[in-house]
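These are my notebook entries on one chain, kept in the order in which I looked things up. I begin with the domains, go on to the salt bridges and end with the sheets.

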Amino acid sequence: MTYENILFQTKEGIATITFNRPKALNALNGPLLEEFAAALEEIDANEDIRVLVLTGAGEKSFVAGADISEIAAFNTLQAKLFARKGQMIINRLQDLSIPVIAAVNGFALGGGSEIALACDFIYAAESAMFGLPEISLGIIPGFGGTQRLARVVGPAIAKEMIFTGKLISAREAEAIGMVNKVCAAEALMDKVLKTAGVIASKGKVSLRAAKQAVSSGLNTDLATGLKIEVDAFALCMASKDAREGTGAFLEKRKAIFDGSLTG
Ligand code: CO8
């Protein structure tokens with residue numbers, strides 16, 4: 001697929017998708033969502049990609065939400081189909097087996113915050129702003145925001161943000177546990193790529209197992225989550241990664257994981 005509304009590049013096992021409609025602050029219109037979905041499929045099918053980074057083009061915005069000029073005229077059925085489509089794509093993002101980092105370089109509003117919340121974690125520029133301002137448009141979040149924000153920051157903070165539509169700074173987002181790290185805008189991609197590089201150097205089997213154990217466990221009770229962990233742990237022990245990692249420790253050398261999924 002030819003990409004016009006996103007940039008998609010891969011280097012040393014790290015894929016970067018850049019939302020690329022800077023004149024509209026990277027707002028999500030239909031074509032952009034189609035391209036995003038296609039890129040996620042490509043990533044899913046490419047065994048060489050070990051980490052995905054998402055960011056926005058330009059200095060001002062990650063994603064300023066759904067394209068309001070497109071959704072303004074929706075009837076009920078169109079709204080339902082659009083919200084369902086957005087949710088499906090964002091679920092696909094969340095379900096990727098590889099780790100995903102959001103590099104939030106500016107506004108992450110509405111659908112922008114909803115995409116960031118579906119990533120494994122978020123680094124943000126000091127200038128970044130987060131929020132679910134849909135209430136000011138007479139609507140509510142429709143790409144998972146009412147569900148994922150409450151799971152990350154708790155229901156009371158999520159409800160206050162959703163009811164008021166207020167925007168919060170990167171530092172405030174860090175304080176409520178939405179953002180892992182805040183840094184100067186110029187340093188953001190370096191910091192994100194450094195962390196992505198550390199992650200990409202680890203074993204592929206153990207990374208997938210770790211992501212699945214945390215993510216699946218959070219959707220269940222502790223006892224079931226612990227069973228998920230036991231099974232994932234046992235699966236790791238049967239992998240080449242585990243032989244390399246434990247062997248390297250005993251031989252007092254650095255482990256080199258070859259990125260294979262074989263046992
Ligand atoms: N959609 C379309 N265009 C946008 C959007 C958007 N979400 N955000 C900004 N733009 C455009 C502006 O219209 C403007 O275009 P132009 O230059 O042609 O006039 C350009 O981007 C620059 O924006 P501003 O001039 O407004 O820049 P400011 O720095 O003054 O303000 C803000 C920046 C605060 C980010 C402001 O643009 C803003 O409030 N944007 C809207 C944010 C918003 O409300 N987002 C939520 C959208 S709804 C949503 O995401 C719901 C998801 C689920 C949908 C399911 C529906 C069925």
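Entry 1, conventions. I take contact to mean heavy atoms within 4.5 Å, and I take the domain bounds from an automatic or database domain assignment. The model is a predicted one, in which local features need pLDDT of at least 70 and side-chain atom pairs count only at pLDDT 80 or more, while totals for chains, interfaces and linings use all residues. I number residues from 1 along each chain as its sequence is written, and side-chain values use heavy atoms, with hydrogens and water left out.

I looked up the assignment and found domain 1 at 6-200 and domain 2 at 204-250, with their C-alpha centres 27 Å apart. On the side of domain 1, 11 residues are in contact with 4 residues of domain 2. For the buried area I use the accessible area (1.4 Å probe) that two parts lose on being put together, summed over both; between the two domains this comes to about 720 Å², of which carbon and sulfur atoms give 43%. In domain 1, the residues that lose the most area to domain 2 are E47, R50 and S97, together 54% of what that side buries.

My rule asks for a side-chain nitrogen of Lys or Arg within 4 Å of a carboxyl oxygen of Asp or Glu. The structure holds 12 salt bridges under this rule. E47 lies in the loop between α1 (30-45) and β3 (51-56), whereas R208 belongs to helix α9 (residues 204-218), so the pair ties together parts that are 161 residues apart in sequence. I read 3.6 Å, N to O, for the salt bridge between the side chains of E47 and R208, and I note that the rule finds 3 salt bridges across the interface of domain 1 and domain 2.

Helices (H or I, at least four residues) and strands (E, at least two) are DSSP runs, numbered from the N terminus, and two strands pair if DSSP finds at least two bridges between them. I found an open sheet of 6 strands in the order β1-β2-β3-β5-β7-β10, with mixed pairing. Its edge strands are β1 (6-11) and β10 (181-183), each of which pairs on one side only.

Strand β8 (residues 129-131) pairs with β9 in the antiparallel sense over 2 bridges, and M129 stands opposite S169 in β9.
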